[in-house]
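Me: Please take a close look at a single part of this model. I would like its packing and its side-chain pairing in one connected account.

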Amino acid sequence: MGIRELLSEILGDEGHAIQLAENAQQAREARNAGAPDLVLLDIWMPDTDGVTLLKEWQRDGLLTMPVIMMSGHATIDTAVEATRIGALNFLEKPIALQKLLKAVQQGLTRAQETVRAPAPAPRPQPQAPLDDGAAGAASPFGGAAAQSHAVVRTGALAQPAADGHTFSLSFDLPLREARDAFERMYFEHHLGREGGSMTRVAEKTGLERTHLYRKLKQLGVEPGKLAKKNL
């Protein structure tokens, strides 16, 4: 857990959005919810080892993202096998900071260079209103059922609008503050819609409940207060 939290903090400080999985089952659920840009996969896990999970993804056609294997006990044969299956890289613990960041950047670059089949043309969406004097366009959250939208402003600190449905986010904020502001708005929006139900919000956002609790605490979001506002 210590290594997992440390890697999360380091990569979060670098501006990456991180989702943690404590074991192979949580990793499966996260992958089924959507392909990430990159996976750091440990070999020793409580339920299924990382090489077996890598084989599962390859077999099921889910190995569509770069995977970097990690281990402090693996042999050369294990590293070769993981690479043969489809792993992009192999990092040996303890992992040096610069080596980690370089491997992650290489993985993300590889993901961007991967040729993907052309996606079908999106269905026309109603244009969200622009804020007076705004430099950026607003884009809707979700599909037709979601009525909230984000308004991008170039002003100072971003704040939720008074009606509780329209949010304002500034491009002038440092990246980490802007990300935290967006995540706070995102979770407050879903908590409000689901009446503060952590179970339904976890399902909506694709997060495991323990991680969701930890994320909300980190962002200073209080589900109980949001539930009372929506009674």
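Reply: Helices α6 and α7 are oblique to each other, a class for angles that are not under 35 degrees (roughly parallel), over 145 (roughly antiparallel) or 65 to 115 (roughly perpendicular). This is a predicted model, where local features need pLDDT of at least 70 and side-chain atom pairs pLDDT 80 or more, while totals for chains, interfaces and linings use all residues. Residues are numbered from 1 along each chain as its sequence is written, and side-chain values use heavy atoms, without hydrogens and water.

The axes of α6 (residues 175-193) and α7 (residues 198-205) cross at roughly 125° and come within 9 Å. Axes are lines fitted to C-alpha atoms over the stretch in contact, with angles from 0 to 180 degrees between N-to-C directions; helices are DSSP runs of H or I with at least four residues, numbered from the N terminus. The crossing is right-handed, the near helix being turned clockwise from the far one by less than a right angle. On the α6 side, Tyr186, Phe187, His190 and Leu191 make the contact (heavy atoms within 4.5 Å); Met198, Val201, Lys204 and Thr205 do so from α7.

Arg176 of α6 pairs with Asp13 of helix α1 (residues 2-13), 163 residues apart. Their side chains form a salt bridge of 2.0 Å, N to O, by a rule that puts a side-chain nitrogen of Lys or Arg within 4 Å of a carboxyl oxygen of Asp or Glu. Arg176 is partly exposed at 40% relative accessibility, as is Asp13 at 43%; buried is under 20%, exposed over 50% and partly exposed in between, with a 1.4 Å probe and protein chains only.

How values were computed: Helices (H or I, at least four residues) and strands (E, at least two) are DSSP runs, numbered from the N terminus.
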